[in-house]
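Subject: Structure for you to look at

Hello,

Here is the structure I said I would pass on. Please open it beside this message and follow along as you read.

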Amino acid sequence: MVTIKVNGTSHQLDVEGEMPLLWVLREEVGLTGTKFGCGIAQCGACTVHVNGEAVRSCVTPISTIDGAEITTIEGLSPDSRHPVQQAWLTEQVPQCGYCQSGQIMATVAYLKTNPNPTDADIDANLTNICRCGTYERLRRAVHRAAALMKI
């Protein structure tokens, strides 16, 4: 048995310890906003927050986070009013949208510790992959979100 709190709700789960958090979230908890991309922690589509830190959930065994607090894209804001979500909408970042929940979750965690990033900082630290190549819009959205978070 593993106990985790997902978006404020406790879950006691009878799953194998090596089951990745991604599959626990999708199959056991029923939250499908977190996406499978590569399965080797390279693309970032599966990014969620574990105890406030951005984590690639596809390679995080559930046994390693027993008792943790997890935030998924569904729990970021009940009405999509988080500054990063608003910046994403304003800058029209998504093209296909598949990677965007992971991009947003990585950005939220990054901006907590780096509130004034340069383009070079963004390129070096936000390493999630967008197959559509929306990186220029993504950079603009990160800057917009950083400004909104200061207000």
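In what follows, contact means that heavy atoms lie within 4.5 Å. By that rule, and not counting residues up to four places away in sequence, Val84 touches Ile104, Thr107, Val108, Leu111, Ala145 and Met149. Please keep in mind that this is a predicted model.

Val84 belongs to the largest nonpolar core, which has 19 residues. Val84, Trp88, Ile104, Leu111 and Val142 are the residues with the most contacts inside this core. Two or more residues each come from helix H2 (73-76), helix H3 (83-90), H4 and helix H6 (135-150). H4 gives the most, with six residues. A second, separate core has 18 residues, among them Met19, Leu31, Val48 and Val55.

Next, the helix pair H4 and H6. Two packed helices are described by the angle between their axes and the distance between the axes. For H4 and H6, the axes come within 11 Å and cross at roughly 45°. Angles from 35 to 65 degrees fall between roughly parallel and roughly perpendicular, so H4 counts as oblique to H6. The crossing is right-handed. On the H4 side the residues that meet H6 are Gln103, Thr107 and Leu111; their counterparts in H6 are Leu138, Val142, Ala145, Ala146 and Met149.

Then there is the sheet. Five strands form an open sheet with mixed pairing, in the order E2-E1-E5-E3-E4. Strand E2 (9-13) and strand E4 (53-56) have a single partner strand each, so they stand at the edges and one side of each is left without a neighbour in the sheet. Neighbouring strands are turned by 35° against each other on average, direction ignored. E1 (residues 2-6) and E2 run antiparallel and are joined by five bridges; within this pair, Thr3 stands opposite Gln12. Helix H4 (residues 100-113) packs on the sheet, where it touches strand E3 (47-50), E4 and strand E5 (69-71). The direction of H4 makes about 40° with that of E3.

Ala68 lies in the loop between E4 and E5. Leaving aside neighbours within four places in sequence, Ala68 is in contact with Thr3, Ile4, Lys5, Val50 and Asn51. Ala41 is 27 residues from Ala68 in sequence and 20 Å away in space, C-alpha to C-alpha.

Regards

Notes: Residues numbered from 1 in each chain as written. Predicted model: local features only at pLDDT ≥ 70, side-chain atom pairs only at ≥ 80, totals over all residues. Heavy atoms only, no water. Pairing = 2+ DSSP bridges. Helix = DSSP H or I, 4+ residues; strand = E, 2+ residues; numbered from the N terminus. Axes fitted to C-alpha atoms, helices over the stretch in contact; angles between N-to-C directions. Core = buried A, V, L, I, M, F, W, Y, C linked by side-chain atoms within 4.5 Å. Buried < 20%, exposed > 50% of the residue type's maximum accessible area, 1.4 Å probe, protein only. Parallel < 35°, antiparallel > 145°, perpendicular 65-115°, else oblique. Left-handed = near helix turned anticlockwise from the far one by under 90°.
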